[in-house]
Amino acid sequence: MPATVIVGAQWGDEGKGKIVDLLARDSDLVCRYNGGPNAGHTIVVDGETYKLRQIPSGIVWGKECLIGAGCVVDPAVLIDEIDEYVTGRGLPEDCLHLSGNAHMIMPWHLLLDQASERRLGKLQIGTTRRGNGPAYADKAHRLGIRLQDIFDPKILRQKIETALAEKNLWLERIYGVEPVELEELAARYESYAQRLRPYLADTSLLVDRALRDGRRVLLEGGHGTLLDIDNGTYPFVTSSSTIAGGACTGIGIGPTRIDAVVGVAKAYVTRVGEGPFPTEIDGSDQARMRDLGGEFGTVTGRERRCGWLDLVALRYAVRLNGITSIALTKLDVLSFFDRLPVCIAYELRDGTRTDEFPEHQSDFHAARPVYETLEGWGAELDGGDDLPAAARRYVEFVEHQLGVEVSWVGTGAEREQVLVRG
Ligand code: IMP
C-alpha cells in the first residue's frame, strides 16, 4: 500500500505513535500533515521513551520524514527536536524535510493562547496553550508568517512588524500583558533561519515523486478525529483538519493517491481539555484507569479524562475517515477490570435512541450512553500470539459493530507488544 494515512479515531492520544512506529518500519517516507507542537507521540523502544512533538515518529527508525504545509511549526521546539532526534542521533540532514508553506507559531501566539484561555475562565477550551489556535487563526486571517519567510530577513522583519502592530494592541489593551519586542524577535528568527535552511523542501513534489517511484508513504495525523476543526466536537477541538481528508490538503496530494486509512483507537477512551464526553467514568474506576493506562498528557502532563469504549463515536470516525482497518491500542489496560461496558448507542434528550453520532452539539452534550457489558478476561495479557477468549470476544465485538477489521491490537507499551491479526 504505497500511501497509507494513520489517523486518531477518538480525541487524540490513541497511541498513534506506536502504530506509526510499527508501520514506519516498512515505509520509505513518513509525513505529518496537520497540527503542531500541541501533539505528542510517545514511543518506547528497549525501555527508552521517545516523546515527539513535531517530527513524525518514523524518525525513531531513521526513516526519511517530512512536515507538510498543513502543519504549524514552533521553530524553537523544532530545533530542539532536531538536536535530539536528528543530528543528535547522527542522522543526515536529508532525513527531514520541512514545507516552506507551513506556518510558524510566533511568541505572540503562545501569549494569546494563554491569555485567551485565562480570560474565558470557566468557558475555556482547555487548550495545550502552545499557540496552535492563534497560529491557525492568523493563517486563515492571512496575517501568518510561514517557514519560507525566515529566509528573507527583510520580508521577515516586515511581516513581524505588521503582525506586531496588531498583536501588541491585543496583548496590552485587551489582555493586559507585556507586548513583544521587534528587534530581539527579528534577530532570534534570523538565527532560526540559519538552523532550518537545510531542511526546507518542496514537500508536495517530494511526496508525489515518492509515490510515482513506488515508495511507501505514511501520512500521519496529529490529534484525533473528534478534535477536527470541521467535524469534531466544536468548539472543544483543535484548529486543524485532523481527519484523513486533511492528509491531502496538509501534504498537497490528491485524494486518489491514498490507498488505505488506518484508524487508531484505544480499547477505551480518553480526553484532555473540556467538552462533552458521554462515556466518561464516574467513580473510582476513573482514577484506576488513568493510573493503569498512564493517562497523563505527553506535552502538558495534564490528567486525561477516562471513559469506556464509545462505538457510536468510533462509527462516526470510520465514516469521516473512510477507515479501512483499525488498530486497537492499550487492550492490556482493560485486563484489570472484571466487567467492560461498551457504548453501542446514545439515548437522546427526546428519548430516542441512535447509533449514529448526533449532528447537533446540544444533542451530543445531553447524550446518554447505552451500554452492552462484556466480560473481562481476568488475567494480564501475556504478549503471546493469541488473546484470551474474552479479550478476543471484545475485539470481535468492535469489528462486528463497526464492520471494519481490527488488524492490530496493542498489548503493552513496548514496541513489539502489538498483536498483528488476520
Ligand atoms: P489546542 O490544539 O492546543 O488548541 O487544544 C484544543 C483542544 O484539543 C484541547 O481540548 C486540547 O486538550 C486538545 N488537544 C490538542 N492536541 C491534542 C492531542 O495531541 N491529544 C489530545 N488532545 C489534544
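A: Start at Asp13, where a side-chain N or O atom is 3.0 Å from a nitrogen atom of the ligand; a polar contact here is a pair of N or O atoms within 3.5 Å, and within protein one must be able to donate a hydrogen and the other to accept it, with residues adjacent in sequence counting only if both atoms are side-chain atoms. Before going on: this is a predicted model, in which local features need pLDDT of at least 70 and side-chain atom pairs count only at pLDDT 80 or more, while totals for chains, interfaces and linings use all residues. Residues are numbered from 1 along each chain as its sequence is written, and side-chain values use heavy atoms, leaving out hydrogens and water.

A polar side-chain atom of His223 lies 2.8 Å from a ligand nitrogen, and Gly126 brings a backbone N or O atom to 3.3 Å from a ligand oxygen. The protein covers 97% of the 470 Å² of accessible area that the ligand has on its own (Shrake-Rupley method, 1.4 Å probe; for residues, only the protein chains shown count as cover). The shell has 17 residues, and the closest are Asn38, Thr128, His223, Thr238 and Arg302; a residue gets in if one of its heavy atoms lies within 4 Å. By type, the shell splits into six nonpolar, nine polar and two charged residues. Here Ala, Val, Leu, Ile, Met, Phe, Trp, Tyr, Cys and Pro count as nonpolar, Asp, Glu, Lys and Arg as charged, and the others, Gly among them, as polar.

Now for Asp13 itself. Asp13 is found in the loop between strand 1 (3-8) and helix 1 (16-24); helices (H or I, at least four residues) and strands (E, at least two) are DSSP runs, numbered from the N terminus. Its phi is near 60°, a positive value in a residue other than glycine. Asp13 has a relative accessible area of 22%, so it counts as partly exposed: buried means under 20%, exposed over 50%, and partly exposed in between, with a 1.4 Å probe and protein chains only.

Asn38 sits in the loop between strand 2 (29-32) and strand 3 (41-45). It counts as buried because its relative accessibility is 9%. Its side chain makes a 3.2 Å polar contact with that of Asn132 and another, at 3.4 Å, with the side chain of Thr238. Beyond neighbours within four places in sequence, Asn38 is in contact (heavy atoms within 4.5 Å) with Thr128, Arg130, Asn132, His223, Thr238 and Val299.

Pro235 is in the loop between strand 10 (217-220) and helix 8 (244-251).

Finally, another positive phi. Lys330, also not a glycine, has phi near 55°. Lys330 is placed in the loop between strand 14 (325-329) and strand 15 (339-347), and it counts as partly exposed because its relative accessibility is 23%.
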